[in-house]
Amino acid sequence: MEGEIFPQVLWRLGPLQFTDTLVTSVALTLVLWLAGWWLSRHLRLHPGPLQTAVEAAVLAMEDAVRDLVPRYVEQVAPFIMGLWWFLLAANLIGLIPGLQSPTRDLSITSALALLVFLSVHWFGIRTQGLGYLRHYLQPFPFLLPFHLVSEITRTVALAVRLFGNMMSLDLVALIVLMLAGFLVPVPVLMLHVVEALVQAYIFGMLALVYIAGGIQAHEAKALQKGESQ
């Protein structure tokens, strides 16, 4: 049971450990990249069911980005869409016998949260320049430590939230299957699918909100400064 809940170390390289969840994450990234490359080169004027479904999902994601950062859709949408597609695949791959969801590994969710943390400042600096960093000194410079603590805590919360939900989901599914055998596989699978979709949506939306907050906070101050002049 331990091997079904916790990540398994496949091999070691000095202090580095390569787990099954890391290998699955890298494989998923490659598969998603190849799928995107293949789909982009086989677009049809009269789309089939697969192209229609993918286009509908992409348009829905793009609309979500446009609602929060309408002026920066082209810059932000690729990152958010990539994050959503990866989380969907990572959360759902646990349904395949013999595979485990990478997002039940705290190291994977921490890496994703760190990526979101870096992207917030990347997009902030890219759109506003280095002046973006001045918001850490607003409204008073002595509040800088509190801003830094806030950044760290929300990043940790983002990682722990996804890890905790996916780990508990896998644990509950495993316990139910052990107690009831395969008499209730369909409800358990449906619960897994719904929860996986919800957790992917929440993580992606939080990342989008953090990025939009970093961009729009500076814009609001610039607008207020312009109006006062």
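Which residue just after α5 takes a positive phi? In this predicted model, that residue is Gly129, with a phi of about 80°.

**Helix α5**
- Helix α5 covers residues 106-128, and its 23 residues should span 33 Å at 1.5 Å a residue.
- The end C-alpha atoms of α5 are 33 Å apart, which agrees with that expectation.
- Among the buried residues of α5 are Ile108, Leu112, Val116, His121 and Phe123.

**Annotated spans**
- An unreviewed UniProt entry gives the annotation "transmembrane region" to several spans, including residues 21-40 and 76-99.
- Residues 21-40 are 100% helix, and their end C-alpha atoms lie 28 Å apart.
- Residues 76-99 are 71% helix and 0% strand, with 31 Å between the end C-alpha atoms.

**Met167**
- Met167 sits in helix α6, which runs over residues 144-180.
- Met167 counts as buried because its relative accessible area is 12%, under the 20% cut-off.
- Pro102 is 65 residues from Met167 in sequence, yet their C-alpha atoms are 9.9 Å apart in space.

**Salt bridges**
- The model has four salt bridges.
- Arg66 pairs with Glu62, with 3.5 Å between the closest N and O atoms, and with Asp63 at 3.3 Å.
- Glu62 and Arg66 are four residues apart in helix α3, so about one helical turn separates them.
- Glu151 is buried at 9% relative accessibility, whereas Arg154 is partly exposed at 23%.
- Shared partners join Glu62, Asp63 and Arg66 into one network of salt bridges.

Notes. Residues numbered from 1 in each chain as written. Predicted model: local features only at pLDDT ≥ 70, side-chain atom pairs only at ≥ 80, totals over all residues. Heavy atoms only, no water. Helix = DSSP H or I, 4+ residues; strand = E, 2+ residues; numbered from the N terminus. Buried < 20%, exposed > 50% of the residue type's maximum accessible area, 1.4 Å probe, protein only. UniProt positions renumbered as here; feature names shortened; annotations may be inferred. Expected span 1.5 Å × (residues − 1). Salt bridge = Lys/Arg side-chain N within 4 Å of Asp/Glu carboxyl O.
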